[in-house]
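Dear colleague,

Please find the structure below, handed over for your review. A summary of the findings follows.

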Amino acid sequence: MKNTYPLYSHEYFMAKALDLAEQAMEEGEVPVGAIVVTENNQIIGKGYNQTERLNDVTAHAEMLAITAAANKLDAKYLRDCRLYVTLEPCVMCAGALAWSQIDTIIYGAEDTKRGYRHYAEAIIHHNKEVMGGVLASESELMLKEFFSKLRT
């Protein structure tokens, strides 16, 4: 995806996450990408779904991005960081994000089937910022394309 969004805007970082989702799709994975960004706008963690490749149901984009960011910081907490993910996190990922103490979660498309808000919205502490809908249509289009190809 050509990133023509203002530098360091939510759309700018979400476009980078969408690039990772595209990589996942090219590898036959559900197209979800995630990045972790510091308060200084440095990308310190990236991930895209790799559940098929790694034969691991926990290898979601968010989980891989959290691990990469924690390794980069050499710390288990991601305070003063934000996560950009192309699809609303599932309950597992929302739990990991809560444990990571990340400050902000920004997602693209809503996950009406497995999104955490439909099962356990309180898993994310009420003082954390959560924002959905950033480049949602781009994420939804990629997901629809992926699942449409699976059905044919």
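Asp 103 and Lys 128 form a salt bridge, with 3.7 Å between the closest N and O atoms; the term denotes a side-chain nitrogen of Lys or Arg within 4 Å of a carboxyl oxygen of Asp or Glu. Because Asp 103 sits in the loop between H4 and E4 and Lys 128 in the loop between E4 and E5, the pair ties together parts 25 residues apart in sequence. Helices (H or I, at least four residues) and strands (E, at least two) are DSSP runs, numbered from the N terminus. Asp 103 counts as partly exposed at 27% relative accessibility, and Lys 128 likewise counts as partly exposed at 26%. Here, buried means under 20% relative accessible area, exposed over 50%, and partly exposed in between (1.4 Å probe, protein chains only).

On provenance, this is a predicted model, in which local features need pLDDT of at least 70 and side-chain atom pairs count only at pLDDT 80 or more, while totals for chains, interfaces and linings use all residues. Residues are numbered from 1 along each chain as its sequence is written, and side-chain values use heavy atoms, with hydrogens and water left out.

The structure holds five salt bridges. Among them is the pair Arg 117 and Glu 88 (3.4 Å, N to O). This pair links distant parts of the chain, 29 residues apart: Arg 117 is in the loop between strand E4 (104-109) and strand E5 (129-131), and Glu 88 in the loop between strand E3 (81-87) and helix H4 (91-100). Arg 117 is partly exposed at 28% relative accessibility, whereas Glu 88 is buried at 2%. Arg 117 also meets Glu 110 in a salt bridge (3.4 Å, N to O). Glu 110 is partly exposed, with a relative accessible area of 40%. Through shared partners, Glu 88, Glu 110 and Arg 117 join into one network.

The largest pocket has a volume of about 730 Å³. A pocket is an open set of points on a 1 Å grid over the protein atoms alone, where a 1.4 Å probe fits, with protein on both sides within 12 Å along at least five of seven lines; lining residues have an atom within 4 Å of a point. Grid points are joined across faces, edges and corners, and the volume is the space filled by probe spheres set on the points. Of the 24 lining residues, Val 30, Leu 87, Asp 111, Leu 143 and Phe 147 are the closest to the centre of the largest pocket. Helix H2 (51-54) and helix H5 (136-151) each supply at least two residues of this lining, and H5 gives the largest share, six residues.

Yours sincerely
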